[in-house]
Amino acid sequence: MVFHIPWIYTPVRTILAIWHQLTKTEVRNLVPFCNRKRSTWIVRRWFCFQIPELTRVSVMMRERSRVEDTMYAMQKAGAGSLQVISDFDMTLTKFAHKGKRVPTTHNILNNKLLIDDDSTVKMKELFNTYYPIEIDASLNPEEKLPYMVEWWTKVHDLLIQQRIRKDEMARAVRESNAVLREGCSAFFDCLAEQRVPLLIFSAGVGDILEEVIRQNHVFHPNVHIISNYMDFDHTGVLQAFKGQLIHSYNKRAGALSHGATLRELHGQPNVLLLGDSLGDLSMADGVSTAQNILTVGFLNDQVEERKESFLNSFDIVLLRDETMDVPNAILRFIVSSEISKVHREK
Ligand SMILES: Nc1ccn([C@@H]2O[C@H](COP(=O)(O)O)[C@@H](O)[C@H]2O)c(=O)n1
């Protein structure tokens, strides 16, 4: 019963933390001495005390015990074994801010500074046509795929026709309402401090994504990016997009074709994966040595319609949560082990 009284969390957590420091013994290691039913209960309560963020009403889990087991395994292996693979638009950035939709990296380019009036209307029309298909709960990824290729291709062709200038892009990002989730900078900073690689895998526009994180002062050396990059001619005018197109539902192919980037991350077999679409679940498919994967899905839009499929696919589902509180809490938990300290001091 006491666990339902919020004010009691802080003092009890403090006492348990002091006890933990004094004994340096995990509750988990002690519970085999209790009977099975009680030990499960103790482990679960201990887990809630350590990560109260996971008890919020906006947090859903299909199989809580799997989440706990995966997190304990990741904590035991420490920061040196961890990598984070994250989507960008509406995962690291907010879905909405002050009642307005936050622009995606593509939508940041929908700026009069870069494209003419007709094209801004056209881009909006394309968004209104294809975004509902992207998030339609009644269609499966295979059915959505041709529409996604159509959307991305039309928009990229339009941007090329508009002869976008490289030197205007930083200003377009500054003038946009792009905003990272609350606590996102702390997330980036903690990963850098712990020397945990962060792979941002985005179907957005890489050049814009880089500018957003640069302007937020979080483009640290541990950040790697796979995305759609622009190809500029010698005068700085957009002439094409580089490489194979990445859209929301072909990230598996993208993951497999970017073997070189992913090989660098092979020393880290534990993956924390963050996304806002079922298509994001394949972002870790290129990590052939993966041991533990914990997936967190931000469910921003069409929440009721998509809840079931998200719960069946992600380990943790966050409902209309504009913050990075849960990923930050998970990260703090994983890097709190002794072995992580050794990794940090190396
Ligand atoms: N023309 C487009 C194409 C896509 N989008 C949105 O961007 C998102 C892709 O980026 P991720 O970082 O999430 O992979 C995608 O979910 C589309 O909704 C767009 O706004 N305009």
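The legends below describe close-up views of a predicted model.

**View 1. The whole chain and its secondary structure.**
The chain of this predicted model holds 15 helices and 11 strands. Of its 346 residues, 38% are buried. Among contacts with a separation of 6 or more, 71% join residues 24 or more positions apart.

**View 2. The open sheet of 7 strands.**
The strands of this sheet follow the order E1-E11-E10-E9-E2-E5-E6, and their pairing is mixed. Strand E1 (59-61) and strand E6 (223-228) stand at the edges. Each of these two has a single partner strand, so one side of each is left without a neighbour in the sheet. On average, neighbouring strands are turned by 20° against each other, direction ignored. Strands of a sheet pair through backbone hydrogen bonds, either parallel or antiparallel.

**View 3**
E1 pairs with strand E11 (residues 316-319) in the antiparallel sense, over 3 bridges. Met60 has Val317 of E11 as its bridge partner. Helix H4 (residues 64-77) packs on the sheet and touches E1, strand E2 (82-86), strand E9 (270-275), strand E10 (292-299) and E11. The direction of H4 makes about 125° with that of E10. Helix H13 (residues 303-313) also packs on the sheet, where it touches E1, E10 and E11. The direction of H13 makes about 175° with that of E10.

**View 3. Strand E10 and its two partners.**
In E10, 6 of the 8 residues are buried, so the strand is largely enclosed by the rest of the structure. E9 and E10 pair in the parallel sense over 6 bridges. Asn270 has Asn292 in E10 as its bridge partner. E10 and E11 are also paired in the parallel sense, over 4 bridges. Here Leu299 has Leu319 in E11 as its bridge partner.

E5 is mostly covered, with 8 of its 8 residues buried. E2 and E5 form a parallel pair over 3 bridges, and Val84 stands opposite Leu198 in E5. E5 and E6 form a parallel pair over 5 bridges. In that pair, Phe201 stands opposite Ile226 in E6.

**View 4. The residues around the ligand.**
The ligand is surrounded by 17 residues, and the closest are Phe88, Thr104, His106, Ser202 and Ala203. The shell divides into 8 nonpolar, 6 polar and 3 charged residues. Helix H5 (105-108), helix H6 (117-134), helix H7 (141-161) and strand E5 (198-205) each supply at least two of the shell residues. Domain 2 (77-92 + 179-345) and domain 3 (104-175) both give residues to the shell, so the ligand lies between them.

Glu134 lies in helix H6. There are 19 other C-beta atoms within 10 Å of Glu134, so this residue is partly exposed; a buried residue would have 20 or more. Not counting residues up to four places away in sequence, Glu134 touches Lys144, Met148 and Ser248. Ser176 is 42 residues apart from Glu134 along the chain, and the C-alpha atoms of the two are separated by 23 Å.

Technical notes. Residues numbered from 1 in each chain as written. Predicted model: local features only at pLDDT ≥ 70, side-chain atom pairs only at ≥ 80, totals over all residues. Near = placed C-beta within 6 Å. Nonpolar A, V, L, I, M, F, W, Y, C, P; charged D, E, K, R; others polar. Domains from an automatic or database assignment. Pairing = 2+ DSSP bridges. Axes fitted to C-alpha atoms, helices over the stretch in contact; angles between N-to-C directions. Contact = placed C-beta atoms within 7 Å. Buried ≥ 20, exposed ≤ 12 C-beta atoms within 10 Å, placed from the backbone.
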